[in-house]
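Trainee: Please take me through one part of this model closely, the surroundings of the ligand. I would also like to hear about the helix packing and the backbone details elsewhere in the chain.

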Amino acid sequence: MNSDDSFYISTPIFYVNDRPHIGHIYTATIADIVARRQRMIGREVFFLTGTDEHAAKVVDAASDRGLSTRAWADQNAGAFRKAFQDFGISNDDFIRTSEQRHIEFVEKVVSDLEATGDVYLGQYEGWYDVSQEEYVPESRAKEHDFCSPITRKPLVRRAEENYFFRLSEYSKPMLELLERNPDFVKPEARKNEVIGRIKEGLADVPISRTGGGDWGVRFPGNPKHMIYVWIDALLNYASAIDLDRRRHYWPATVHLIAKDILWFHAVIWPSLLMAISKARGNEWLSVPNTVYAHSFWISEGQKMSKSLGNFIDLEQLHGYKERFGLDALRFFFATQGPLDTMDGDFSRSRFIEVYNSDLANTVGNSWNRIVNMTRRYCAGRLNRKVDGEGLGAELERIASKKPQDSLGVGYVSHGVEMIKAIDGYIQETQPFKLAKDASNSSQVEEILYRCAESYRIASLYLWPALTEKMTEVWSRSGLFSYTEVLKNRGSGDLEQWTAWGGLSEGTELLEGPALFPRYLEE
Ligand code: MSP
């Protein structure tokens, strides 16, 4: 088991057959928000992402462009790495399945499993979904008119000699696992889907192929066979941890994925891990705590697909970043995204609406008012440190609400609610009216302290999403210590930081450009 203060989160490793798009950036951003919040709480976080390179569609995409597979994979892995930097993703490692450290790990695991009989040589014939790189069981193929249940492309009939993984042995252990750990699959509705499918029965799965060229990991001792890309890919979560200094992160706290790859993560992966642990008799390959499957973004009301050409691609995302700022995009992902079981629509008009109402008119405007009033009525300083009367209890009430999602992404919305409470308090106490009479000055100072201090607390909830702008707020109010801690990925102390009274008496609030200027569409 990992120690209580370590937290390991992963994203899927993404195929390098094409460039990153909104779906990849979304998952990475949500994982990033979770990772940052956990670092603030004081956890020692390991955040992993990377690329899945040995798929046949990578070979095809490269040859369509007249490039070697390696060159195309390098180019796109580079594009993913760069995109994650551009969008503020704070991953601790980036693994590529074409790396030696990974390949050796996969070979070792497969040999171990062959030795125990969990992997064996057999014959397979079935319906193959080329677009998803997976076999579809007969019943499911029929149900979907022999087309891919995901992409609707026709399935093809394939027969081959394969190595198999004895998944059929793991129905019972899987059901026991789901029973023992109710958080194993999240959200709840996804868990029920998984349980339903396991109860229909688990058949052994092929884990090698022949005749598909030489791009991949060869089966140890039988080089005619290549290890099936999904087995290779899932093992990234372990190969990246296979270092003495990292093993304490195991098992993963959360594998964040989307619904399209739930089966692999919720059933095949833990079964494989149980088989590996059996083979090795060791503990470090125990099953993850949670597989969290979010849903999909659609675009302007339509499913995104290559054929419709309506993917929200990197260029468009850069456009949003340039016009509204990176924080605005991260905020939209955090508060409007398909984190639960419903798909989410990414529409420009909705983006602008949320930006203006939550960021420009609420988060940005509230800070602006507090600073302006402090400068106008108190020479820019918080002269009187007081208790949270009239606000503190409300902030505590908001903070104590559990967000809807088990990942804690919903805490970002708590930050917005807190700021709305500050606006309500200003409305109620009317410091701008009180300030007209000099005899009210101490009352005005108290009100403004409460507002600024409450904003400081809200900023800690908002920071995992609004990393740039909340850091800016901290630097305008002398709170460099947070920045220092978090910049170096150190462990924060959220509990202490969110306690009332963090702003000291005499703190100066500095003016600066609007955090989120209101956006008017030309
Ligand atoms: N390579 C496999 C995963 C192996 S993990 C051991 C793969 N790669 S992928 O490039 O197709 O990425 C799939 C993932 O991208 C989804 O699970 C999800 O995280 C993200 N998304 C892709 N399209 C998406 C949307 N339209 N909306 C939200 N996220 C989506 O599958």
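Mentor: What follows starts at the ligand and then moves to helices and loops. The model is predicted, and each value below is computed from it.

The shell around the ligand has 23 residues, and those that come nearest are I13, T27, D52, D260 and W297. Sorted by class, the shell holds 13 nonpolar residues, eight polar ones and two charged ones.

At Y15, a polar backbone atom is 3.1 Å from an oxygen atom of the ligand. At H24, a polar side-chain atom lies 3.5 Å from a ligand oxygen atom. As for cover, the ligand taken alone exposes 680 Å², and the protein buries 93% of that area.

Which elements supply the shell? Two or more residues each come from β1 (6-15), α1 (22-41), α8 (229-234) and α9 (236-239). The largest share belongs to β1, which gives four residues.

α1 packs with helix α3 (residues 69-86) at an angle of about 50°, and the two axes are 11 Å apart. The crossing of α1 past α3 is right-handed.

A second pair can be described in the same terms. Helix α13 (residues 348-378) and helix α15 (residues 411-429) pack at an angle of about 50°, with 10 Å between their axes. These two helices are therefore oblique to each other as well. For α13 and α15 the crossing is left-handed.

Another of the shell elements, α9, is followed up here: the loop between α9 and β11 (254-258) contains P251. The peptide bond joining W250 and P251 is cis, with omega about -5°. A cis peptide bond also runs from K186 to P187, where omega is near -10°. P187 is in the loop between β7 (185-186) and α7 (188-199). Lastly, D145 has a positive phi of about 55° although this residue is not a glycine. D145 is placed in the loop between α5 (138-143) and β6 (156-165).

Conventions:
Residues are numbered from 1 along each chain as its sequence is written. This is a predicted model: local features need pLDDT of at least 70, side-chain atom pairs count only at pLDDT 80 or more; totals for chains, interfaces and linings use all residues. Side-chain values use heavy atoms; hydrogens and water are left out. A residue is near a molecule or strand if one of its heavy atoms lies within 4 Å of it. A polar contact is a pair of N or O atoms within 3.5 Å; within protein, one must be able to donate a hydrogen and the other to accept it, and residues adjacent in sequence count only if both atoms are side-chain atoms. Accessible areas come from the Shrake-Rupley method with a 1.4 Å probe; for residues, only the protein chains shown count as cover. Ala, Val, Leu, Ile, Met, Phe, Trp, Tyr, Cys and Pro count as nonpolar, Asp, Glu, Lys and Arg as charged, and the others, Gly among them, as polar. Axes are lines fitted to C-alpha atoms, for helices over the stretch in contact, and angles run from 0 to 180 degrees between N-to-C directions. A crossing is left-handed if the near helix is turned anticlockwise from the far one by less than a right angle, and right-handed if clockwise. Angles under 35 degrees count as roughly parallel, over 145 as roughly antiparallel, 65 to 115 as roughly perpendicular and the rest as oblique.
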